[in-house]
Amino acid sequence: MLDHLSHFHGLPIHDFADPADPASEQAGPLPAADEVAWRLARHELWEPEEEFEDAWERFLDTVDVSKVRALVLGAGAYGIEDDAASPDETAQRLAAAADRFTGLRALYLADLTYEESELSWILQSDVNPILSAYPRLEELGVRGSDGLRFSPLRHEHLRVLRLENGGLPAEVVHGLTASDLPALDHLDLWLGDESYGRTTTVGDLAPLLAGGVFPALRRLGLQDCDIQDEIAAAVAHAPVVSRLSSLHLGLGTLSDAGAQALLDGRPLTHLEVLDLEHHFLSEPMMRRLREDLEPSGVRVNLDDRQETRGSGGRRYVAAGE
């Protein structure tokens, strides 16, 4: 389900490779530093012996990083290989170079596919030092949650936060909801599966659902969860819903019970988008959702309907391990 990013922060991805390497498909002039999202990731174009630290220094020496707007770090900066940097080392490199990345507005940590690392195996660390080092950052994406922490902080400019996880620890949610993020208008949390490390419960989400945090929030995603019906039932009566324009509850195990809770809860007709992609809804329930919401202008995404597995009717998240 997880592929490499093709765009980030509204910019096309450009893989940083050695333009002097005749085997490189990217030999020739580099794009303007502010016209692409730069991805640094180990791939077949790198010299076999080049460590990520060396590639990082080469990037700093080759590209005018003061004009880089978006940066994506992949294999080598993160990963399970013995020669991959640790997440703390990567965070230290980012923090040390903050005075050079004066135009950086978007950062994505660990753009890895299943072939490179299972989602639940991707090592992370506390994102607080990175956010603190980049007070002008507007968008942060983080893939993986093994070791992930979110120490409480105030950040004036962060608008978009995505945490893509196979299993989200409750401590991360506690740190997040204790943070002061006055500009945050787009929050997407993949909660994951208990089998792969999810300890977050509906109760842990209470400050968020009550609407007492993140006053600018307009798009909320609580997705990829093995208790998606419980999440939907809690969201259905949550005060925060009244000020959202976009609600995303897909990628998980949503069934008719969760959808019925949404229909019985607070009105959703003010939404621009209700995204339930990857679900286990019956055809009659899908029709009900469309009939109840689409006449009011709500775009209801019911793509990727799933079938239960096995004699017990097991439901599954889109991205677990």
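The structure is a predicted model, in which local features need pLDDT of at least 70 and side-chain atom pairs count only at pLDDT 80 or more, while totals for chains, interfaces and linings use all residues. Residues are numbered from 1 along each chain as its sequence is written, and side-chain values use heavy atoms, with hydrogens and water left out.

**Stop 1: the sheet**

Show the cartoon and colour the strands. Helices (H or I, at least four residues) and strands (E, at least two) are DSSP runs, numbered from the N terminus. Twelve strands form an open sheet in the order β1-β2-β3-β4-β5-β6-β7-β8-β9-β10-β11-β12, and the pairing is mixed. Two strands count as paired if DSSP finds at least two bridges between them. At the edges stand β1 (7–8) and β12, each with a single partner strand, so one side of each has no neighbour in the sheet. Strands of a sheet pair through backbone hydrogen bonds, either parallel or antiparallel.

**Stop 2: strand β3**

Select residues 37–40, which make up β3. Which way do the side chains point? Ala37 and Arg39 point one way, Trp38 and Leu40 the other, and all are buried. Buried means under 20% relative accessible area, exposed means over 50%, and partly exposed is in between (1.4 Å probe, protein chains only).

On β2 (residues 11–15), the pairing with β3 is parallel and has three bridges; His14 has Trp38 as its bridge partner in β3. Strand β4 (residues 70–73) also runs parallel to β3, joined by four bridges. Here the bridge partner of Arg39 is Val72 in β4.

**Stop 3: the helix on β3 and β4**

Select residues 52–62, helix α1, which packs on the sheet and touches β3 and β4. Contact means heavy atoms within 4.5 Å. The direction of α1 makes about 150° with that of β3. Axes are lines fitted to C-alpha atoms, for helices over the stretch in contact, and angles run from 0 to 180 degrees between N-to-C directions.

Which residues of α1 are buried? They are Phe52, Ala55, Trp56, Arg58, Phe59 and Leu60. The cover over the buried residues of α1 includes β3, β4 and α2 (87–96).

**Stop 4: salt bridges**

Side chains of opposite charge can pair when their charged atoms come close. A salt bridge here is a side-chain nitrogen of Lys or Arg within 4 Å of a carboxyl oxygen of Asp or Glu. How many salt bridges does a search of the whole structure find? The search finds 14.

- Select Lys67 and Asp64, whose side chains form a salt bridge at 3.9 Å, N to O. Lys67 is partly exposed, with a relative accessible area of 48%, and Asp64 is partly exposed at 38%.
- Select Arg143 and Glu164, a salt bridge at 3.1 Å, N to O. Arg143 is in strand β6 (residues 139–143) and Glu164 in strand β7 (residues 160–164), so the pair ties together parts that are 21 residues apart in sequence. Both Arg143 and Glu164 are buried.
- Select Arg315 and Asp229, a salt bridge at 3.3 Å, N to O. Arg315 lies in the segment after β12 (299–301) and Asp229 in helix α6 (residues 228–236), so this pair ties together parts that are 86 residues apart in sequence. Arg315 is partly exposed at 33% relative accessibility, whereas Asp229 is buried at 17%.

Then select Asp15, Arg39, Asp111, Arg143 and Glu164 together: salt bridges that share partners join these residues into one network.

**Stop 5**

Begin with α6, which lies across β8 (186–192), β9 (219–225) and β10 and runs at about 155° to β9. Strand β10 (residues 246–248) pairs with strand β11 (residues 273–275) in the parallel sense over three bridges, and His248 has Asp275 in β11 as its bridge partner.

The axes of α6 and α7 are 8 Å apart, at an angle of about 5°. That makes α6 roughly parallel to α7, where angles under 35 degrees count as roughly parallel, over 145 as roughly antiparallel, 65 to 115 as roughly perpendicular and the rest as oblique. The contact is made by Asp229, Ala232, Ala233 and Ala236 of α6 and Ala257, Gly258, Ala261 and Leu262 of α7.

Finally, select α7 (residues 256–264) with α8 (residues 283–293), which pack at an angle of about 20° with axes 10 Å apart. The contact is made by Asp256, Ala259, Gln260 and Leu263 of α7 and Met285, Arg288, Leu289 and Asp292 of α8.
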